[in-house]
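Please read it alongside the sequence and the 3D view.

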Amino acid sequence: MIPFRKNLIDGEWVGDAGSRNINPSNLDDVVGEYASGRAEQARQAIAAAKAAFPAWSRSGLLARHAVLRKASDEITARKDEIGRALAREEGKTLVEGIGETVRAAQIFDFFAGETLRLSGELVPSVRPGVGVEITREAVGVVGIITPWNFPIAIPAWKIAPALAYGNTIVFKPAELVPESAWTIVDILHRAGLPKGVLNLVMGKGSVVGQAMLDSPDLNAITFTGSVGTGKRVAAASVEHMRKFQLEMGGKNPLVVLDDADLGVAVDCAINGAYFSTGQRCTASSRLVVTDGIHDRFVDAMKDRLGKLVVGDALDAKTQIGPVVDQSQLKQDEDYIAIGRQEGADLAFGGERLDRDTRGFYLQPALFTQATNAMRISREEIFGPVANVIRVKDYDEALAVANDTPFGLTSGICTASLKHATHFKRNSEAGMVMVNLPTAGVDFHVPFGGRKGSSYGPREQGRYAAEFYTTVKTAYTFAG
């Protein structure tokens, strides 16, 4: 029996049948049916969140702690079930789906602790007899718009701090992955959130998302997605003078120097470029490789790519799952064609694959003889496609790595402490990895980038307070 999931507005599950969620590994498998919210429902959700804000923002710390901790505990207990559903609807492997689910639980656990670590400052005034208190308060009603590639981790790292710091929420997930979104909201709802504190409105971005952007009653919006949509979020937020936070694209470089351990470099490149089917904003899609190791690196990459198992996300043997849907598959194939037209050599892969079930299967693609001026080196493909850019030395590698409109993450593989240290200091990215994949970050430290990749305060860790709270300075004259 196909489940039907409703939206949560003001503590009530509401909505009529809307859209079907299809498994990208098996197009005959329907994950579920989901309510498709209307603009009026989005406005109702915003009104409910606004009404719930005064009480929730002044609620006791233990009440918030209890909800977040219960959510963490339930997600942990159900990690195999939730991870399987995630893999089924998004297409990442079962191991990756369970791993992402565990990460969501860790995020809720961390922010449960943060509710008990809220702090401020007490400082003396320059005026005798006057005391100064500096505190943080909830920013208000927060709109949360999330993408499809991390359907439970990204909602978790936005929802958990919003609740921990006393905000109320209107949450619009990506249409492609409603099951993970519904599950996390259902868990939090049953954990004891008062009505109106967390509202879920699934539906089209052009309808639900636009209603959120148009509302003067949203005090903040946090968005992860495409650059184009991020710019629309920014423009609408400026119009209403609201806080906004954007996480957008990446075209992340992995530099491989002559002195790198070849096995480590190949492991980093395979993981960063192709795991999660390359559908990560932190994917290392530009492999910047110096002359002395270039040919050995390319040969080793082709050998490893030939051994990767591409298949059904739920098959334990699968290492690379399907692309998320037909539209993304076409985008990947279009860029592969563009790379060939630009003169890059398709050294491996790039073909559609047939498997036992109908799905969006694509063989991972590796380009060589690429330049940093090519479109495949400038534009985010968001699929299992990477290109090798040959350079003569470290200085050229650093220049190429930084020559991008994006700045989310970067990596270097080297045995040189000198080059590693210099790269960490001079890489124009928000996150830098040494002898590690560019994708894969911890849940308790800041996440975010520079240039066209990010705007606003960092996400995750204690730095999340910068976005989800506002600073108040209070003066007292003791007489």
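Contact, as used throughout, means heavy atoms within 4.5 Å. The model is a predicted one, in which local features need pLDDT of at least 70 and side-chain atom pairs count only at pLDDT 80 or more, while totals for chains, interfaces and linings use all residues. Residues are numbered from 1 along each chain as its sequence is written, and side-chain values use heavy atoms, with hydrogens and water left out.

**Domains**

The domain assignment divides the chain into domain 1 (4–248 + 453–477) and domain 2 (253–434); such bounds come from an automatic or database domain assignment. Their C-alpha centres are 31 Å apart. To the contact between them, domain 1 contributes 24 residues and domain 2 contributes 28 residues.

**Nonpolar core**

A nonpolar core is a set of buried Ala, Val, Leu, Ile, Met, Phe, Trp, Tyr and Cys residues joined through side-chain atoms within 4.5 Å. Buried means under 20% relative accessible area, exposed over 50%, and partly exposed in between, with a 1.4 Å probe and protein chains only. The largest such core has 61 residues, and the members touching the most others are Phe108, Phe111, Ile159, Leu163, Phe171 and Leu188. Helix 5 (residues 153–164) is the main contributor, giving nine residues. Helices (H or I, at least four residues) and strands (E, at least two) are DSSP runs, numbered from the N terminus. Both domain 1 and domain 2 supply at least three residues to this core.

Which residues does Phe171 touch, not counting residues up to four places away in sequence? They are Ile144, Thr146, Pro155, Ile159, Ala181, Ile184, Val185, Leu198, Asn199, Leu200 and Val201.

**Helix 7 and helix 8**

The axes of helix 7 (residues 205–214) and helix 8 (residues 227–240) come within 9 Å and cross at roughly 30 degrees. Helix 7 is therefore roughly parallel to helix 8. Axes here are lines fitted to C-alpha atoms, for helices over the stretch in contact, and angles run from 0 to 180 degrees between N-to-C directions. Angles under 35 degrees count as roughly parallel, over 145 as roughly antiparallel, 65 to 115 as roughly perpendicular and the rest as oblique.

Helix 7 makes the contact through Gln210, Leu213 and Asp214, and helix 8 through Arg232, Val233, Ala236 and His240. Sorted by class, three of these residues are nonpolar, two polar and two charged. In that scheme Ala, Val, Leu, Ile, Met, Phe, Trp, Tyr, Cys and Pro count as nonpolar, Asp, Glu, Lys and Arg as charged, and the others, Gly among them, as polar.

**Positive phi**

Most residues other than glycine have a negative phi, and most peptide bonds are trans. Ser276, although not a glycine, has a positive phi of about 55 degrees. Ser276 sits in the loop between helix 9 and strand 14 (286–290) and counts as buried at 6% relative accessibility. Phe382 is not a glycine either, and has a positive phi of about 65 degrees. The loop holding Phe382 runs between helix 12 (375–378) and strand 17 (385–391), and Phe382 counts as buried at 16% relative accessibility.

**Selected residues**

The table lists C-alpha distances for pairs that are separated along the chain.

| Pair | Separation in sequence | C-alpha distance |
|---|---|---|
| Ala269 and Arg458 | 189 residues | 26 Å |
| Arg358 and Asp29 | 329 residues | 9.8 Å |
| Ala465 and Leu118 | 347 residues | 9.5 Å |
| Lys251 and Ile376 | 125 residues | 9.4 Å |

The contacts below do not count residues up to four places away in sequence. Ala269 belongs to helix 9 (residues 262–274) and is buried at 0% relative accessibility. Its contacts are Leu254, Tyr274, Ser284, Leu287, Phe297 and Met301.

Is Arg358 buried or partly exposed? At 49% relative accessibility, Arg358 counts as partly exposed. Arg358 is found in the loop between strand 15 (345–348) and strand 16 (365–370) and touches Ser25, Asn26, Leu27 and Asp28.

Ala465 lies in helix 15 (residues 465–468), is buried at 8% relative accessibility, and touches Arg136 and Tyr165.

Lys251 occupies the loop between strand 12 (243–247) and strand 13 (253–256). With 1% relative accessibility, Lys251 counts as buried. Residues touching Lys251 include Ser285, Arg286, Ile376, Glu379, Thr404 and Phe406.
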